[in-house]
Structure formats: structure tokens, C-alpha cells
Amino acid sequence: MDQLAALRVFIRTVEAGSLTRAAAELGLPKSTASKLLAQLEQHLGAKLLQRSTRSLALTSEGSDYYERAGQLVGKL
């Protein structure tokens, strides 16, 4: 897994409020973005996003991770 790519997909998905929109903005197929998110969640051992066909919401773990990820990306 490309952890930096997965991190970018996660951050962009949260900010865009949509996996489809985030994938388009990053120039990725939606399936690739979804796979990267799933791999990130598996790597961390935590569910970051609660997804359905019509909505997307951060879990409490996702919210914490988003804050830390934003700080990390800001330092890059």
C-alpha cells in the first residue's frame, strides 16, 4: 500500500464529503480510491469512515486520525 496516497485519499474524501468527488479531484478511479481507503483502515486496524451509498461520516477514530493526518501533511 502506498501510505501517502492512502492518506491523501482519506483527507480529500473528508474535505470533499464524497469518495467519488475526492477520487475525481485526485485523478483516480473511484475503485482505486476505495481500495486505498480500505487498505488504510486495515493497516490502522480501525474504521475511519462510515460509508453508505448516500452519506459519508467520520467515526470517532476517523476524526482523531483526520486531525493528526492534517498536522502531518501540513509539515510535508
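Tutor: Start at one contact. A polar atom of the arginine 21 side chain lies 2.5 Å from the backbone oxygen of alanine 16. Keep in mind that this is a predicted model.

Student: What makes the pair of alanine 16 and arginine 21 a polar contact?

Tutor: The cut-off is 3.5 Å between N or O atoms. The distance here is 2.5 Å. That is within the limit, so the pair counts.

Student: Where is arginine 21 found, and why is it called partly exposed?

Tutor: Arginine 21 sits in helix α2. Its relative accessible area is 47%. Buried needs under 20%, and exposed needs over 50%. The value falls in between, so arginine 21 is partly exposed.

Student: How far is arginine 21 from aspartate 64?

Tutor: Their C-alpha atoms are separated by 22 Å. Along the chain, the two residues are 43 apart.

Student: Now the whole chain. What pattern does the chain follow?

Tutor: Read along the sequence, the pattern is α-α-α-β-β-α. That makes four helices and two strands.

Student: How do you know that the chain agrees with a compact globule?

Tutor: Set the value against the rule. For 76 residues, a compact globule would have a radius of gyration near 11 Å. The chain has 11 Å, so the two agree. The C-alpha atoms fill a box of roughly 30 × 25 × 20 Å along the principal axes.

Student: What share of the chain counts as buried?

Tutor: Of the 76 residues, 30% do. The accessible surface comes to about 4,900 Å². Carbon and sulfur atoms account for 49% of that surface.

Student: Which residues have the most contacts inside the largest nonpolar core?

Tutor: They are Val9, Phe10, Leu37, Leu40, Leu48, Leu49 and Tyr65, in a core of 16 residues. Helices α1 (3-16), α2 (19-26), α3 (30-44) and α4 (60-75) each supply at least two core residues. The largest share, six residues, comes from α1.

Student: What is leucine 48 in contact with, leaving aside its neighbours within four places in sequence?

Tutor: Its partners include Phe10, Leu40, Ala57, Leu58 and Tyr65. Glu41 and Glu61 are also among them.

Student: On to the rings. How many aromatic pairs are there?

Tutor: The count comes to two aromatic pairs. In one of them, the rings of phenylalanine 10 and tyrosine 65 have their centres 5.6 Å apart and their planes at 55°.

Student: Why is the pair of phenylalanine 10 and tyrosine 65 called tilted?

Tutor: First, the centres must lie within 6.5 Å, and 5.6 Å passes. Then take the angle. Stacked needs under 30 degrees and edge-to-face needs over 60. The planes stand at 55°, so the pair is tilted. Phenylalanine 10 lies in α1 and tyrosine 65 in α4, so this pair ties together parts 55 residues apart in sequence.

Student: What makes the pair of phenylalanine 10 and tyrosine 66 edge-to-face?

Tutor: Their centres are 6.3 Å apart, within the 6.5 Å limit. Their planes are at 75°, over the 60 needed, so the pair is edge-to-face. Phe10, Tyr65 and Tyr66 form one aromatic cluster.

Student: Which of phenylalanine 10 and tyrosine 66 is buried or partly exposed?

Tutor: Phenylalanine 10 has 0% relative accessibility, under the 20% cut-off, so it is buried. Tyrosine 66 has 25%, between 20% and 50%, so tyrosine 66 is partly exposed.

How values were computed: Residues are numbered from 1 along each chain as its sequence is written. This is a predicted model: local features need pLDDT of at least 70, side-chain atom pairs count only at pLDDT 80 or more; totals for chains, interfaces and linings use all residues. Side-chain values use heavy atoms; hydrogens and water are left out. A nonpolar core is a set of buried Ala, Val, Leu, Ile, Met, Phe, Trp, Tyr and Cys residues joined through side-chain atoms within 4.5 Å. Buried means under 20% relative accessible area, exposed over 50%, partly exposed in between (1.4 Å probe, protein chains only). Contact means heavy atoms within 4.5 Å. A polar contact is a pair of N or O atoms within 3.5 Å; within protein, one must be able to donate a hydrogen and the other to accept it, and residues adjacent in sequence count only if both atoms are side-chain atoms. The radius of gyration is taken over C-alpha atoms; the globule rule is 2.2 Å times the number of residues to the power 0.38. Accessible areas come from the Shrake-Rupley method with a 1.4 Å probe; for residues, only the protein chains shown count as cover. Rings of Phe, Tyr and Trp (its six-membered ring) pair if their centres lie within 6.5 Å; planes under 30 degrees apart count as stacked, over 60 as edge-to-face and the rest as tilted.
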